Amino acid sequence: MSTNYDRRSFVKKLGASGLGIALFAREIMGQAADSAAASAKKIRNYKPGMKYRLVGSTGIYISAFSIGTTRGELEAISAGVDSGVNFIHTSANYIGGRAIDMVAKAIKGRTDKVYIALKGDFATLEETLKALGIPCADFVFFPQHDPDALRKNLSDIRTRFMTWRDKGLVKFAGLTSHKAMAECIDIALGADFFSCVMPAYGPAQVKELADRRSALAKKGMSIIAMKTKGELSDADYPAQITAALASGTVASVLRGVKTLEELKAWTAAANSAQTGWLRTRNGTQLAQDYHGCTMCGRCERACPKGIPTADVVRCVRYYHQAEHDPALAAGQFAEMGLALALTNCDNCGLCEASCPQKIGVRAELRRSREFGTAGLWS
Ligand code: SF4
Ligand code: SF4
(Lines give C-alpha, C1' and ligand atoms only; values in the text may rest on other atoms or scores of the structure.)
(Ligands and ions follow the chains in the order given, each with its own letter.)
Protein backbone atom coordinates (compact mmCIF):
# COMPACT_ATOMS: atom_id res chain seq x y z
CA MET A 1 0.00 0.00 0.00
CA SER A 2 1.30 3.49 -0.81
CA THR A 3 2.41 5.73 2.02
CA ASN A 4 2.19 9.49 2.51
CA TYR A 5 5.89 9.60 1.77
CA ASP A 6 5.24 7.90 -1.58
CA ARG A 7 2.56 10.46 -2.37
CA ARG A 8 4.79 13.41 -1.51
CA SER A 9 7.72 12.10 -3.50
CA PHE A 10 5.43 11.29 -6.45
CA VAL A 11 4.08 14.85 -6.49
CA LYS A 12 7.63 16.23 -6.24
CA LYS A 13 8.86 14.03 -9.07
CA LEU A 14 5.85 14.90 -11.22
CA GLY A 15 6.50 18.60 -10.73
CA ALA A 16 10.18 18.18 -11.56
CA SER A 17 9.85 16.00 -14.65
CA GLY A 18 10.37 17.58 -18.09
CA LEU A 19 7.55 16.37 -20.30
CA GLY A 20 7.53 18.54 -23.37
CA ILE A 21 8.06 21.94 -24.89
CA ALA A 22 5.30 22.79 -27.33
CA LEU A 23 2.54 25.26 -26.86
CA PHE A 24 -0.50 25.04 -29.11
CA ALA A 25 -4.00 26.57 -29.36
CA ARG A 26 -5.55 27.32 -25.97
CA GLU A 27 -3.26 25.09 -23.99
CA ILE A 28 -0.59 26.01 -21.54
CA MET A 29 2.59 24.06 -21.09
CA GLY A 30 3.16 24.06 -17.36
CA GLN A 31 6.94 24.09 -16.94
CA ALA A 32 7.56 26.45 -19.81
CA ALA A 33 4.63 28.72 -19.08
CA ASP A 34 4.98 31.91 -17.18
CA SER A 35 3.11 31.43 -13.95
CA ALA A 36 1.91 35.02 -14.33
CA ALA A 37 0.06 33.92 -17.47
CA ALA A 38 -1.52 31.11 -15.50
CA SER A 39 -2.48 33.58 -12.85
CA ALA A 40 -3.99 35.93 -15.44
CA LYS A 41 -6.09 33.08 -16.72
CA LYS A 42 -7.11 32.32 -13.14
CA ILE A 43 -6.14 28.68 -13.45
CA ARG A 44 -7.20 26.93 -10.28
CA ASN A 45 -4.61 24.73 -8.60
CA TYR A 46 -1.98 25.64 -11.19
CA LYS A 47 1.21 23.60 -10.83
CA PRO A 48 4.24 23.84 -13.12
CA GLY A 49 4.47 20.69 -15.22
CA MET A 50 0.71 20.27 -15.51
CA LYS A 51 -1.07 21.38 -18.68
CA TYR A 52 -4.43 23.11 -18.65
CA ARG A 53 -6.98 23.62 -21.40
CA LEU A 54 -9.94 25.89 -21.84
CA VAL A 55 -13.41 24.34 -21.63
CA GLY A 56 -15.26 25.86 -24.58
CA SER A 57 -16.44 29.37 -23.88
CA THR A 58 -16.70 28.94 -20.11
CA GLY A 59 -13.45 30.77 -19.35
CA ILE A 60 -12.45 27.78 -17.18
CA TYR A 61 -9.12 26.03 -17.67
CA ILE A 62 -9.00 22.44 -16.52
CA SER A 63 -6.11 20.01 -16.26
CA ALA A 64 -5.47 17.92 -19.39
CA PHE A 65 -5.80 14.86 -17.19
CA SER A 66 -8.72 14.94 -14.83
CA ILE A 67 -10.20 12.56 -12.32
CA GLY A 68 -13.28 10.44 -12.85
CA THR A 69 -14.72 8.36 -10.06
CA THR A 70 -16.34 5.28 -11.55
CA ARG A 71 -13.26 3.72 -9.95
CA GLY A 72 -10.71 5.18 -7.58
CA GLU A 73 -8.94 5.31 -4.24
CA LEU A 74 -8.77 8.29 -1.89
CA GLU A 75 -4.99 8.51 -1.79
CA ALA A 76 -4.67 8.59 -5.59
CA ILE A 77 -7.42 11.22 -5.92
CA SER A 78 -5.76 13.37 -3.23
CA ALA A 79 -2.37 13.00 -4.91
CA GLY A 80 -3.96 14.09 -8.18
CA VAL A 81 -5.15 17.33 -6.59
CA ASP A 82 -1.73 17.76 -4.92
CA SER A 83 -0.10 17.51 -8.34
CA GLY A 84 -2.30 20.11 -10.06
CA VAL A 85 -5.35 18.19 -11.30
CA ASN A 86 -8.25 20.61 -10.94
CA PHE A 87 -11.29 18.82 -12.36
CA ILE A 88 -13.16 15.95 -10.72
CA HIS A 89 -16.31 14.30 -12.05
CA THR A 90 -18.37 12.30 -9.61
CA SER A 91 -21.74 10.73 -8.92
CA ALA A 92 -23.61 9.46 -5.90
CA ASN A 93 -23.75 6.08 -7.60
CA TYR A 94 -20.05 5.54 -8.27
CA ILE A 95 -17.69 3.25 -6.35
CA GLY A 96 -20.54 1.43 -4.66
CA GLY A 97 -22.03 4.73 -3.44
CA ARG A 98 -18.74 5.86 -1.81
CA ALA A 99 -17.51 8.27 -4.49
CA ILE A 100 -19.01 11.47 -3.07
CA ASP A 101 -17.55 10.77 0.36
CA MET A 102 -14.16 10.00 -1.18
CA VAL A 103 -14.14 13.21 -3.22
CA ALA A 104 -15.30 15.24 -0.18
CA LYS A 105 -12.31 13.93 1.78
CA ALA A 106 -9.87 14.56 -1.08
CA ILE A 107 -10.93 18.22 -1.49
CA LYS A 108 -11.59 19.08 2.16
CA GLY A 109 -9.97 22.42 2.99
CA ARG A 110 -9.19 23.11 -0.68
CA THR A 111 -12.52 23.20 -2.45
CA ASP A 112 -11.41 26.42 -4.15
CA LYS A 113 -8.65 24.46 -5.94
CA VAL A 114 -10.91 22.21 -7.99
CA TYR A 115 -13.85 22.30 -10.34
CA ILE A 116 -16.48 19.76 -9.40
CA ALA A 117 -18.65 18.17 -12.05
CA LEU A 118 -21.65 16.11 -11.01
CA LYS A 119 -23.41 13.49 -13.03
CA GLY A 120 -27.05 14.50 -12.94
CA ASP A 121 -28.31 11.28 -11.39
CA PHE A 122 -28.43 12.45 -7.77
CA ALA A 123 -31.51 12.22 -5.55
CA THR A 124 -31.29 15.91 -4.61
CA LEU A 125 -28.68 18.39 -5.76
CA GLU A 126 -28.66 20.30 -2.46
CA GLU A 127 -27.89 17.17 -0.43
CA THR A 128 -25.13 16.15 -2.82
CA LEU A 129 -23.50 19.58 -2.62
CA LYS A 130 -23.74 19.48 1.16
CA ALA A 131 -22.06 16.07 1.24
CA LEU A 132 -19.25 17.43 -0.92
CA GLY A 133 -18.86 20.55 1.26
CA ILE A 134 -19.42 22.98 -1.64
CA PRO A 135 -22.18 25.54 -2.25
CA CYS A 136 -22.29 25.08 -5.99
CA ALA A 137 -21.21 22.55 -8.64
CA ASP A 138 -19.23 23.98 -11.53
CA PHE A 139 -20.73 21.54 -14.02
CA VAL A 140 -23.67 19.19 -14.12
CA PHE A 141 -23.56 16.45 -16.75
CA PHE A 142 -26.85 14.99 -17.91
CA PRO A 143 -26.49 11.30 -18.82
CA GLN A 144 -28.34 10.55 -22.06
CA HIS A 145 -27.54 7.52 -24.19
CA ASP A 146 -30.56 7.28 -26.47
CA PRO A 147 -30.93 10.03 -29.08
CA ASP A 148 -34.73 9.67 -29.24
CA ALA A 149 -35.04 9.94 -25.46
CA LEU A 150 -32.66 12.89 -25.47
CA ARG A 151 -34.78 14.74 -28.04
CA LYS A 152 -37.86 14.04 -25.95
CA ASN A 153 -36.22 15.08 -22.67
CA LEU A 154 -34.27 18.08 -23.90
CA SER A 155 -36.72 20.73 -22.82
CA ASP A 156 -37.07 19.18 -19.37
CA ILE A 157 -33.27 18.94 -19.01
CA ARG A 158 -32.92 22.59 -19.98
CA THR A 159 -35.54 23.63 -17.43
CA ARG A 160 -33.85 21.66 -14.65
CA PHE A 161 -30.47 23.15 -15.47
CA MET A 162 -31.79 26.71 -15.68
CA THR A 163 -33.63 26.34 -12.38
CA TRP A 164 -30.47 25.13 -10.62
CA ARG A 165 -28.36 27.79 -12.30
CA ASP A 166 -30.76 30.56 -11.29
CA LYS A 167 -30.57 29.33 -7.70
CA GLY A 168 -26.76 29.45 -7.86
CA LEU A 169 -26.40 25.68 -7.44
CA VAL A 170 -24.63 24.96 -10.75
CA LYS A 171 -22.75 27.01 -13.32
CA PHE A 172 -22.46 25.04 -16.57
CA ALA A 173 -24.22 22.11 -18.21
CA GLY A 174 -22.74 19.19 -20.12
CA LEU A 175 -24.08 16.11 -21.83
CA THR A 176 -22.57 12.70 -21.11
CA SER A 177 -23.17 9.72 -23.35
CA HIS A 178 -21.67 6.30 -23.92
CA LYS A 179 -23.93 5.14 -26.75
CA ALA A 180 -24.69 6.66 -30.15
CA MET A 181 -22.31 9.48 -29.28
CA ALA A 182 -22.35 11.24 -32.66
CA GLU A 183 -26.14 11.56 -32.69
CA CYS A 184 -26.26 12.69 -29.07
CA ILE A 185 -23.59 15.32 -29.78
CA ASP A 186 -25.61 16.57 -32.76
CA ILE A 187 -28.57 17.15 -30.44
CA ALA A 188 -26.36 18.92 -27.89
CA LEU A 189 -25.03 21.12 -30.69
CA GLY A 190 -28.56 22.15 -31.56
CA ALA A 191 -29.39 23.09 -27.97
CA ASP A 192 -28.46 26.44 -26.45
CA PHE A 193 -27.33 25.53 -22.96
CA PHE A 194 -24.57 22.90 -23.11
CA SER A 195 -20.99 24.09 -22.65
CA CYS A 196 -19.36 20.73 -23.25
CA VAL A 197 -19.97 17.06 -23.95
CA MET A 198 -18.50 13.99 -22.28
CA PRO A 199 -18.67 11.08 -24.72
CA ALA A 200 -16.99 7.72 -24.51
CA TYR A 201 -13.84 8.56 -26.44
CA GLY A 202 -11.81 5.49 -27.26
CA PRO A 203 -9.77 4.95 -30.46
CA ALA A 204 -12.91 4.59 -32.57
CA GLN A 205 -14.30 7.96 -31.48
CA VAL A 206 -11.04 9.80 -32.11
CA LYS A 207 -11.61 8.86 -35.76
CA GLU A 208 -15.41 8.94 -35.95
CA LEU A 209 -16.04 12.23 -34.19
CA ALA A 210 -13.64 14.35 -36.27
CA ASP A 211 -16.42 16.40 -37.91
CA ARG A 212 -18.25 16.76 -34.59
CA ARG A 213 -15.07 18.18 -33.07
CA SER A 214 -15.06 20.92 -35.72
CA ALA A 215 -18.74 21.65 -35.11
CA LEU A 216 -18.21 21.74 -31.34
CA ALA A 217 -15.23 24.06 -31.67
CA LYS A 218 -17.27 26.42 -33.87
CA LYS A 219 -19.99 26.49 -31.26
CA GLY A 220 -17.53 27.18 -28.40
CA MET A 221 -17.98 23.74 -26.85
CA SER A 222 -15.37 21.23 -25.70
CA ILE A 223 -15.10 17.50 -25.27
CA ILE A 224 -14.16 16.05 -21.92
CA ALA A 225 -13.18 12.53 -22.89
CA MET A 226 -14.30 9.54 -20.81
CA LYS A 227 -14.03 5.76 -21.28
CA THR A 228 -10.92 6.44 -23.32
CA LYS A 229 -9.33 3.03 -22.88
CA GLY A 230 -11.75 1.11 -25.04
CA GLU A 231 -10.37 -2.41 -25.21
CA LEU A 232 -6.77 -1.32 -25.63
CA SER A 233 -4.05 -3.07 -23.69
CA ASP A 234 -2.64 -1.35 -20.62
CA ALA A 235 0.58 -0.82 -22.57
CA ASP A 236 -1.18 0.97 -25.44
CA TYR A 237 -3.40 3.12 -23.25
CA PRO A 238 -1.02 6.06 -22.58
CA ALA A 239 -0.62 6.58 -26.35
CA GLN A 240 -4.41 6.74 -26.62
CA ILE A 241 -4.47 9.51 -24.00
CA THR A 242 -2.11 11.59 -26.12
CA ALA A 243 -4.09 10.73 -29.27
CA ALA A 244 -7.32 11.88 -27.63
CA LEU A 245 -5.69 15.18 -26.68
CA ALA A 246 -4.22 15.76 -30.13
CA SER A 247 -7.27 17.93 -30.83
CA GLY A 248 -7.58 21.20 -28.95
CA THR A 249 -11.35 20.62 -28.82
CA VAL A 250 -10.67 17.90 -26.24
CA ALA A 251 -10.17 19.77 -22.99
CA SER A 252 -9.27 16.80 -20.83
CA VAL A 253 -9.08 13.04 -20.54
CA LEU A 254 -11.03 11.90 -17.51
CA ARG A 255 -10.36 8.62 -15.75
CA GLY A 256 -10.63 7.14 -12.29
CA VAL A 257 -7.30 6.51 -10.57
CA LYS A 258 -6.62 3.77 -8.07
CA THR A 259 -2.86 4.00 -7.65
CA LEU A 260 -0.11 6.59 -7.74
CA GLU A 261 1.47 4.67 -10.61
CA GLU A 262 -1.67 5.05 -12.72
CA LEU A 263 -1.87 8.74 -11.86
CA LYS A 264 1.75 9.32 -12.76
CA ALA A 265 1.61 7.44 -16.08
CA TRP A 266 -1.68 8.91 -17.27
CA THR A 267 -0.92 12.46 -16.17
CA ALA A 268 2.45 12.28 -17.94
CA ALA A 269 0.75 10.99 -21.10
CA ALA A 270 -1.79 13.84 -21.01
CA ASN A 271 0.92 16.42 -20.45
CA SER A 272 2.91 15.01 -23.35
CA ALA A 273 0.19 15.54 -25.97
CA GLN A 274 1.57 17.35 -29.04
CA THR A 275 5.17 17.13 -27.89
CA GLY A 276 6.14 14.03 -29.82
CA TRP A 277 6.57 11.92 -26.75
CA LEU A 278 4.56 8.68 -26.81
CA ARG A 279 4.08 8.89 -30.55
CA THR A 280 5.10 5.28 -31.15
CA ARG A 281 1.50 4.44 -31.98
CA ASN A 282 -0.47 7.48 -32.98
CA GLY A 283 -4.22 7.90 -32.88
CA THR A 284 -4.77 6.88 -36.49
CA GLN A 285 -2.91 3.63 -35.99
CA LEU A 286 -4.74 2.92 -32.76
CA ALA A 287 -8.09 3.55 -34.48
CA GLN A 288 -7.18 1.42 -37.52
CA ASP A 289 -6.04 -1.47 -35.38
CA TYR A 290 -9.02 -1.32 -33.06
CA HIS A 291 -11.35 -4.31 -33.15
CA GLY A 292 -13.13 -3.89 -29.83
CA CYS A 293 -16.60 -2.63 -29.00
CA THR A 294 -17.03 1.01 -30.01
CA MET A 295 -20.11 1.45 -27.78
CA CYS A 296 -22.14 2.38 -30.86
CA GLY A 297 -25.31 0.80 -29.44
CA ARG A 298 -26.42 -0.74 -32.76
CA CYS A 299 -26.75 -4.22 -31.30
CA GLU A 300 -29.39 -3.20 -28.79
CA ARG A 301 -31.28 -1.08 -31.28
CA ALA A 302 -31.59 -4.26 -33.40
CA CYS A 303 -32.91 -6.39 -30.53
CA PRO A 304 -36.64 -7.10 -30.94
CA LYS A 305 -36.90 -7.77 -27.21
CA GLY A 306 -35.41 -4.41 -26.20
CA ILE A 307 -32.53 -5.99 -24.33
CA PRO A 308 -29.74 -3.49 -23.58
CA THR A 309 -27.03 -5.67 -25.10
CA ALA A 310 -24.53 -2.80 -25.41
CA ASP A 311 -24.70 -2.38 -21.62
CA VAL A 312 -24.00 -6.08 -21.14
CA VAL A 313 -21.07 -5.96 -23.57
CA ARG A 314 -19.74 -2.88 -21.77
CA CYS A 315 -19.85 -4.67 -18.41
CA VAL A 316 -18.08 -7.76 -19.74
CA ARG A 317 -15.55 -6.32 -22.18
CA TYR A 318 -14.90 -2.84 -20.79
CA TYR A 319 -15.38 -2.78 -17.02
CA HIS A 320 -14.41 -6.38 -16.36
CA GLN A 321 -11.86 -7.14 -19.07
CA ALA A 322 -10.25 -3.83 -20.10
CA GLU A 323 -10.59 -1.97 -16.80
CA HIS A 324 -9.77 -5.09 -14.76
CA ASP A 325 -12.51 -4.06 -12.39
CA PRO A 326 -14.90 -6.94 -11.59
CA ALA A 327 -16.57 -5.00 -8.78
CA LEU A 328 -17.43 -2.17 -11.15
CA ALA A 329 -18.71 -4.66 -13.74
CA ALA A 330 -20.86 -6.43 -11.15
CA GLY A 331 -22.15 -3.15 -9.73
CA GLN A 332 -23.15 -1.78 -13.12
CA PHE A 333 -24.68 -5.12 -14.16
CA ALA A 334 -26.83 -5.17 -11.02
CA GLU A 335 -27.72 -1.46 -11.11
CA MET A 336 -29.04 -1.72 -14.66
CA GLY A 337 -31.02 -4.91 -13.91
CA LEU A 338 -29.32 -6.73 -16.77
CA ALA A 339 -29.75 -10.26 -15.39
CA LEU A 340 -33.51 -9.87 -15.51
CA ALA A 341 -33.43 -8.25 -18.96
CA LEU A 342 -31.45 -11.19 -20.32
CA THR A 343 -34.16 -13.67 -19.35
CA ASN A 344 -36.15 -12.32 -22.34
CA CYS A 345 -33.48 -13.29 -24.87
CA ASP A 346 -34.63 -15.89 -27.42
CA ASN A 347 -31.20 -16.25 -29.03
CA CYS A 348 -32.31 -14.87 -32.41
CA GLY A 349 -28.86 -13.41 -33.16
CA LEU A 350 -30.06 -10.08 -34.59
CA CYS A 351 -27.88 -8.18 -32.14
CA GLU A 352 -24.61 -9.64 -33.32
CA ALA A 353 -25.68 -9.54 -36.97
CA SER A 354 -25.88 -5.76 -36.62
CA CYS A 355 -22.50 -5.28 -34.97
CA PRO A 356 -20.06 -3.42 -37.26
CA GLN A 357 -17.15 -4.72 -35.18
CA LYS A 358 -18.23 -8.36 -35.67
CA ILE A 359 -18.39 -8.91 -31.95
CA GLY A 360 -20.04 -12.16 -30.90
CA VAL A 361 -22.64 -10.39 -28.80
CA ARG A 362 -24.44 -13.60 -27.80
CA ALA A 363 -21.21 -15.07 -26.49
CA GLU A 364 -20.77 -11.93 -24.35
CA LEU A 365 -24.32 -12.32 -23.06
CA ARG A 366 -23.50 -15.93 -22.12
CA ARG A 367 -20.28 -14.81 -20.46
CA SER A 368 -22.17 -12.27 -18.37
CA ARG A 369 -24.54 -14.99 -17.16
CA GLU A 370 -21.62 -17.28 -16.35
CA PHE A 371 -19.83 -14.50 -14.46
CA GLY A 372 -22.98 -13.78 -12.49
CA THR A 373 -23.61 -17.44 -11.69
CA ALA A 374 -20.04 -18.17 -10.70
CA GLY A 375 -19.69 -14.94 -8.76
CA LEU A 376 -16.58 -14.20 -10.83
CA TRP A 377 -17.14 -10.49 -10.88
CA SER A 378 -18.26 -9.87 -7.36
S1 SF4 B 1 -30.10 -12.81 -29.41
FE2 SF4 B 1 -31.24 -12.07 -27.61
S3 SF4 B 1 -30.29 -10.10 -27.15
FE4 SF4 B 1 -29.69 -10.63 -29.25
S5 SF4 B 1 -31.24 -9.65 -30.55
FE6 SF4 B 1 -31.97 -11.72 -30.16
S7 SF4 B 1 -33.27 -11.53 -28.34
FE8 SF4 B 1 -32.05 -9.66 -28.46
S1 SF4 C 1 -21.17 -4.89 -29.45
FE2 SF4 C 1 -20.99 -4.09 -31.54
S3 SF4 C 1 -22.98 -3.20 -32.02
FE4 SF4 C 1 -22.91 -3.51 -29.79
S5 SF4 C 1 -22.20 -1.53 -28.99
FE6 SF4 C 1 -20.38 -2.80 -29.28
S7 SF4 C 1 -19.62 -2.32 -31.34
FE8 SF4 C 1 -21.72 -1.54 -31.21
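Reader: Which residues of helix 4 are buried, and within what arc do they fall?

Author: In this predicted model, helix 4 spans residues 99-107, and Ala99, Ile100, Met102, Val103, Ala106 and Ile107 are its buried residues. An α-helix has 3.6 residues a turn, so residues three or four places apart point the same way. Seen down the axis of helix 4, the buried residues line one face of the helix, because they fall within an arc of 160°.

Reader: What covers the buried residues of helix 4, and which residue with a positive phi follows this helix?

Author: The cover over the buried residues of helix 4 includes helix 3 (74-82), strand 5 (87-90) and helix 5 (125-132). After helix 4 comes a residue whose phi is positive, near 80°, and that residue is Gly109.

Reader: At what angle do helix 10 and helix 11 pack, and what is the handedness of their crossing?

Author: Two packed helices are described by the angle between their axes and the distance between the axes. For helix 10 (residues 237-244) and helix 11 (residues 260-271), the axes lie 8 Å apart and the angle is about 35°. Helix 10 passes helix 11 in a crossing that is right-handed.

Reader: Which residues meet between helix 10 and helix 11, and how many of them are nonpolar, polar or charged?

Author: From helix 10, Pro238, Ile241 and Thr242 meet Ala265, Trp266, Ala269 and Ala270 of helix 11. Sorted by class, this contact of helix 10 with helix 11 has six nonpolar, one polar and no charged residues.

Reader: Which helices each supply at least two residues of the shell around ligand 2?

Author: Ligand 2 is surrounded by 14 residues, the closest being Cys293, Cys296, Cys299, Ala310 and Cys355. By class, the shell has nine nonpolar, four polar and one charged residues. The helices that each supply at least two residues of this shell are helix 13 (298-302) and helix 14 (309-322).

Terms used
Residues numbered from 1 in each chain as written. Chains lettered and ligands numbered in written order. Predicted model: local features only at pLDDT ≥ 70, side-chain atom pairs only at ≥ 80, totals over all residues. Near = placed C-beta within 6 Å. Helix = DSSP H or I, 4+ residues; strand = E, 2+ residues; numbered from the N terminus. Nonpolar A, V, L, I, M, F, W, Y, C, P; charged D, E, K, R; others polar. Axes fitted to C-alpha atoms, helices over the stretch in contact; angles between N-to-C directions. Left-handed = near helix turned anticlockwise from the far one by under 90°. Contact = placed C-beta atoms within 7 Å. Buried ≥ 20, exposed ≤ 12 C-beta atoms within 10 Å, placed from the backbone. Arc of directions from axis to C-beta.
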